[in-house]
Amino acid sequence: MAKSAHPCVVTLYRDRIAVCLPSSAQPLELKFSEASIKDLEIVNQGELENQVKAFAAARQLRPADTVFVLSPAVVFEKDLTKVPQAERPTQIQAFLDSVPFSGVSHKIFRYQNSEKLVVINRNLYEGLRKA
(Lines give C-alpha, C1' and ligand atoms only; values in the text may rest on other atoms or scores of the structure.)
Protein backbone atom coordinates (compact mmCIF):
# COMPACT_ATOMS: atom_id res chain seq x y z
CA MET A 1 0.00 0.00 0.00
CA ALA A 2 1.36 3.46 -0.88
CA LYS A 3 2.11 5.96 1.84
CA SER A 4 0.00 9.06 2.28
CA ALA A 5 1.65 12.22 0.93
CA HIS A 6 0.92 14.07 4.18
CA PRO A 7 2.34 13.16 7.58
CA CYS A 8 0.02 12.41 10.43
CA VAL A 9 0.49 13.79 13.92
CA VAL A 10 -0.10 11.38 16.79
CA THR A 11 -0.43 12.81 20.28
CA LEU A 12 0.22 10.31 23.05
CA TYR A 13 -1.76 10.61 26.27
CA ARG A 14 -1.67 8.23 29.25
CA ASP A 15 -4.66 6.20 28.07
CA ARG A 16 -5.04 6.98 24.37
CA ILE A 17 -3.65 8.44 21.18
CA ALA A 18 -5.17 11.19 19.08
CA VAL A 19 -4.39 11.02 15.37
CA CYS A 20 -4.56 14.27 13.40
CA LEU A 21 -4.83 13.94 9.63
CA PRO A 22 -5.22 16.57 6.91
CA SER A 23 -8.35 14.74 5.74
CA SER A 24 -10.12 14.86 9.12
CA ALA A 25 -11.61 17.92 10.80
CA GLN A 26 -11.34 16.29 14.24
CA PRO A 27 -8.62 14.08 15.73
CA LEU A 28 -9.34 10.36 15.63
CA GLU A 29 -8.93 8.78 19.06
CA LEU A 30 -7.89 5.30 20.06
CA LYS A 31 -8.34 4.50 23.75
CA PHE A 32 -5.93 1.79 24.89
CA SER A 33 -7.31 -1.26 26.59
CA GLU A 34 -5.67 -2.18 29.90
CA ALA A 35 -4.68 -5.43 28.20
CA SER A 36 -2.33 -3.46 25.93
CA ILE A 37 -1.07 -0.44 27.92
CA LYS A 38 -1.38 0.33 31.61
CA ASP A 39 0.43 3.01 33.64
CA LEU A 40 2.58 3.96 30.62
CA GLU A 41 3.86 0.39 30.26
CA ILE A 42 3.12 -1.98 27.41
CA VAL A 43 1.38 -4.96 28.95
CA ASN A 44 1.02 -6.92 25.72
CA GLN A 45 2.70 -5.79 22.46
CA GLY A 46 0.58 -8.16 20.36
CA GLU A 47 -2.64 -6.75 21.82
CA LEU A 48 -1.42 -3.19 21.18
CA GLU A 49 -0.61 -4.04 17.56
CA ASN A 50 -4.04 -5.63 17.11
CA GLN A 51 -5.75 -2.54 18.54
CA VAL A 52 -3.81 -0.20 16.25
CA LYS A 53 -4.44 -2.37 13.18
CA ALA A 54 -8.18 -2.58 13.90
CA PHE A 55 -8.31 1.20 14.51
CA ALA A 56 -6.52 1.92 11.21
CA ALA A 57 -8.61 -0.59 9.23
CA ALA A 58 -11.92 0.74 10.59
CA ARG A 59 -10.97 4.25 9.50
CA GLN A 60 -9.27 3.18 6.26
CA LEU A 61 -6.01 4.84 7.31
CA ARG A 62 -3.03 4.38 5.01
CA PRO A 63 0.57 4.20 6.19
CA ALA A 64 2.10 7.66 6.54
CA ASP A 65 5.11 9.38 7.98
CA THR A 66 4.26 10.05 11.60
CA VAL A 67 5.19 12.77 14.06
CA PHE A 68 4.70 11.83 17.72
CA VAL A 69 3.74 14.55 20.19
CA LEU A 70 4.09 13.58 23.84
CA SER A 71 1.57 15.13 26.20
CA PRO A 72 2.86 16.39 29.56
CA ALA A 73 1.14 13.41 31.21
CA VAL A 74 3.59 10.93 29.63
CA VAL A 75 6.90 12.69 30.30
CA PHE A 76 8.93 13.31 33.43
CA GLU A 77 10.61 16.72 33.72
CA LYS A 78 13.24 18.31 35.90
CA ASP A 79 14.20 21.97 35.75
CA LEU A 80 17.99 22.21 35.59
CA THR A 81 18.16 25.99 35.35
CA LYS A 82 19.35 26.58 38.91
CA VAL A 83 21.40 23.40 39.31
CA PRO A 84 25.12 24.27 39.44
CA GLN A 85 27.16 22.79 36.59
CA ALA A 86 29.28 20.76 39.01
CA GLU A 87 26.17 19.02 40.40
CA ARG A 88 24.40 18.39 37.09
CA PRO A 89 25.71 14.92 36.26
CA THR A 90 24.79 13.66 39.73
CA GLN A 91 21.38 15.38 39.71
CA ILE A 92 20.60 14.11 36.21
CA GLN A 93 21.52 10.53 37.10
CA ALA A 94 19.51 10.68 40.32
CA PHE A 95 16.48 11.91 38.39
CA LEU A 96 16.88 9.24 35.71
CA ASP A 97 17.11 6.60 38.44
CA SER A 98 13.86 7.88 39.98
CA VAL A 99 11.84 7.40 36.78
CA PRO A 100 9.93 4.10 37.22
CA PHE A 101 10.81 2.47 33.89
CA SER A 102 13.57 0.08 32.91
CA GLY A 103 14.16 1.65 29.48
CA VAL A 104 14.18 5.44 29.30
CA SER A 105 15.34 8.10 26.88
CA HIS A 106 16.16 11.62 27.90
CA LYS A 107 17.09 14.96 26.41
CA ILE A 108 17.94 18.37 27.80
CA PHE A 109 16.00 21.18 26.17
CA ARG A 110 17.41 24.68 26.33
CA TYR A 111 15.10 27.61 25.73
CA GLN A 112 16.01 31.22 26.43
CA ASN A 113 17.47 31.12 29.96
CA SER A 114 16.02 27.79 31.06
CA GLU A 115 17.00 24.14 30.78
CA LYS A 116 14.69 21.17 31.26
CA LEU A 117 15.55 17.51 31.44
CA VAL A 118 12.77 15.51 29.79
CA VAL A 119 12.53 11.73 30.22
CA ILE A 120 10.24 9.27 28.45
CA ASN A 121 9.55 5.55 28.62
CA ARG A 122 11.56 4.41 25.61
CA ASN A 123 9.87 1.00 25.57
CA LEU A 124 6.44 2.64 25.21
CA TYR A 125 7.61 4.91 22.41
CA GLU A 126 9.28 2.05 20.50
CA GLY A 127 6.28 -0.22 21.03
CA LEU A 128 3.91 2.38 19.57
CA ARG A 129 6.24 3.02 16.64
CA LYS A 130 6.29 -0.70 15.91
CA ALA A 131 2.50 -1.00 16.16
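User: How many helices and strands are there in the protein, and what makes a stretch count as a helix or a strand?

Analyst: The protein has three helices and nine strands. Both are DSSP runs numbered from the N terminus: a helix is a run of H or I with at least four residues, and a strand is a run of E with at least two. Along the sequence the pattern reads β-β-β-β-β-α-β-β-α-β-β-α. This is a predicted model, in which local features need pLDDT of at least 70 and side-chain atom pairs count only at pLDDT 80 or more, while totals for chains, interfaces and linings use all residues. Residues are numbered from 1 along each chain as its sequence is written, and side-chain values use heavy atoms, with hydrogens and water left out.

User: Why is Ser-71 called buried?

Analyst: A residue is buried under 20% relative accessible area, exposed over 50%, and partly exposed in between, using a 1.4 Å probe and protein chains only. Ser-71 has a relative accessible area of 7%, and is therefore buried. Ser-71 is found in the loop between β6 (66-70) and β7 (76-79).

User: What does the side chain of Ser-71 reach, and what makes that a polar contact?

Analyst: The side chain of Ser-71 reaches the backbone oxygen of Leu-12 at 2.9 Å. A polar contact is a pair of N or O atoms within 3.5 Å; within protein, one must be able to donate a hydrogen and the other to accept it, and residues adjacent in sequence count only if both atoms are side-chain atoms. The value of 2.9 Å falls within that limit. Not counting residues up to four places away in sequence, Ser-71 touches Leu-12 and Tyr-13, where contact means heavy atoms within 4.5 Å.

User: Is Val-83 buried or exposed, and which residues does it contact?

Analyst: Val-83 has 13% relative accessibility and so counts as buried. Its place is in the loop between β7 and α2 (88-98). Neighbours within four places in sequence aside, Val-83 is in contact with Arg-88 and Gln-91.

User: How do you know on which side of α3 its buried residues lie?

Analyst: The buried residues of α3 (122-130) are Leu-124, Gly-127 and Leu-128. They cover an arc of only 95 degrees around the axis, so they lie on the same side of α3; the arc is that of the directions from the helix axis to the C-beta atoms. These buried residues pack against β1, β4, β5, α1, β6 and β9.

User: What makes a space a cavity or a pocket, and how many cavities of 30 Å³ or more are there?

Analyst: On a 1 Å grid over the protein atoms alone, a cavity is a set of points where a 1.4 Å probe fits but cannot get out, whereas a pocket is an open set with protein on both sides within 12 Å along at least five of seven lines; lining residues have an atom within 4 Å of a point. Grid points are joined across faces, edges and corners, and a volume is the space filled by probe spheres set on the points. The count is one cavity of 30 Å³ or more. The largest cavity holds about 40 Å³, and its lining includes Leu-12, Leu-70 and Val-74.

User: How much space lies in the largest pocket, and which residues are closest to its centre?

Analyst: The largest pocket holds about 740 Å³. Of its 28 lining residues, Cys-8, Arg-62, Pro-63, Ala-64 and Thr-66 are closest to the centre. The largest share of the lining, five residues, comes from α1.
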